[in-house]
Amino acid sequence: MRTLHARAEAQTKATGRVCRIDSFKNAALKEFGLTGRQFNALEMQLEGKRDSVREGRKLNIEDLRDRIGRLDSAILGLQESLAKGRYSKDRTQRRLLTHKQRKVVLFTIHQKSRRRAILQLRLTDLISQEASHQVSMCFGSRRLFHAQFRLEDRGYASHEEWLAAWRAARDNQFVVLGSKGEMAGCQGCVAKAALDGSLSLRIRLPSALVGQHGTHAEVHGVRFAYGHDQVLDALRRNELRRVCESQARAEANAKGEKFSEKNVEGGIALTWQFVRDSEGWQVFVAVEAVQLEITSSRAAGRVAVDVNADHLAVAETDHFGNCIKAFSVPCRTRGLSTNQAGAVIGDAVKAVIAHVASVRKPLVLERLDFRAKKRSLGKDNPAYARMLSSFAYGRIRTLFEARALDAGIEVLSVNPAYTSVIGRIKYSVPLGITTHEAAAVAIARRSQQVRERAPQPGKTLLVPVKGGVTAWTSPAWTKPQHRAHPWRRIAREPVRPCERALVREDPAVRVSGRKRLLTLAGETALPSVRA
């Protein structure tokens, strides 16, 4: 793989055009003693790595440009403050700079300028690589490559020990490409099920190793901890296809007609990957998931999920769009490792899917993209930046879709614009639910194409705030676009607690159930929201 990548890069540099790996197929088959299918597996794996580098480079260029722009703004602001002799983070208080503060500002400008120069060099290098279509890859990881310069710190006694580990890391895996038209879904690695349910693999070796190890290598007793039943089902389907193909071929020969494999359906491709680590070889298989019959019904209603930084807010509606149940599932991943966060997310998603499967309603998720927000973390306060950095929305959505596929549940997506505002204004207090659960109600109703009417200007409602609820008046529509987009106008009007209208829970009154008695300035009793 490394040799093919080096040849492709040399050809790209010489011609100035992107060179595909398949252009070296005939020469590689003779030089390395590979079969055509083995070369195709190498090509698929290598082209995937090269495409990943290209897409990642585009994101890095965009990120670097954004960071350089923010540094330019910060440097310009500091230079203006230095020129005017006034500087303060609080815009309402512009104090005169002391001599010590001027030195601090100058030092900050110097350091930010250095950082900008470093980022500019990186950006220039990436742009030149993008223009010349070059793809830089380090087989074995850059971290292990740089370990040779600090052997003792990395735990290596000598350069020879590091070199052995380096070579092992560069040659620790291979892929056997499958096809639905081949025997058992993959002619290079034929799997057969034993009586005890385990798998036996018969792997076709490269021609260069036939004289030393024979044509095939066999592995017995393979069993997958997850998805083993799907693999066995794929093997059964492939065996059925093989029988049907034999019958169709015999019938075509009897009639003197030409047989075509396209007329036989039902095969499933199995692609095998073998990875060697410190404990031995691991076997992975990629098999097409069999689409289960969708058992959820859109006519029954929806179950919507509002994903938040520390929990999942869930709301269920009936076929009219009325909320009939709302609850929250803890899902806090801040400060956890990748594996710990995955376990927490998995438990939360499992609990939600169990409820969705019991009611047999479609699952509704938001269409969110946090890439732009995460690139601009430096603009936000540290607490919000830490929250956003640990927010694993993409991981949560992927797990929801996978679990829903296994349970036969349809997954729908909606634009979440203003759903938090709609839920807070219209549903939180009347239904006695949290603002996040109310947002989930708005998401479910939007999926059902229910129109959300905005309150008329001047209308007073009770909306939740920190510590209770408060009286809020809908803002006036002073421009034509306010009538066309009323929720946009409401979203730009902040809701502030009013001391005279603040609703707080009366500690002397304790009523079980969802609704409680509250006092409005000690005069009126009103239903409360749930804490």
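Salt bridges, counted wherever a side-chain nitrogen of Lys or Arg comes within 4 Å of a carboxyl oxygen of Asp or Glu, number 17 in this structure. The model is a predicted one, so local features need pLDDT of at least 70 and side-chain atom pairs count only at pLDDT 80 or more, while totals for chains, interfaces and linings use all residues. Residue numbers start from 1 along each chain as its sequence is written, and side-chain values use heavy atoms, with hydrogens and water left out.

One of these bridges joins arginine 298 to glutamate 410, at 2.4 Å from N to O. That pair links distant parts of the chain, 112 residues apart: arginine 298 sits in the loop between strand 6 and strand 7, and glutamate 410 in the loop between helix 12 and strand 11. Helices (H or I, at least four residues) and strands (E, at least two) are DSSP runs, numbered from the N terminus.

Then there is the sheet, with three strands in the order 2-3-4, open and antiparallel; pairing takes at least two DSSP bridges between two strands. Strands 2 and 4 stand at the edges with a single partner strand each, so one side of each lacks a neighbour in the sheet. Strand 2 pairs with strand 3 over five bridges, with alanine 193 partnered by leucine 199 and lysine 192 opposite serine 200. Five residues separate the two strands in a hairpin, and glycine 197 in the turn has a positive phi of about 95°.

A salt bridge also connects glutamate 218 with arginine 202, the closest N and O atoms being 3.9 Å apart. Glutamate 218 belongs to strand 4 and arginine 202 to strand 3, so the pair ties together parts 16 residues apart in sequence.
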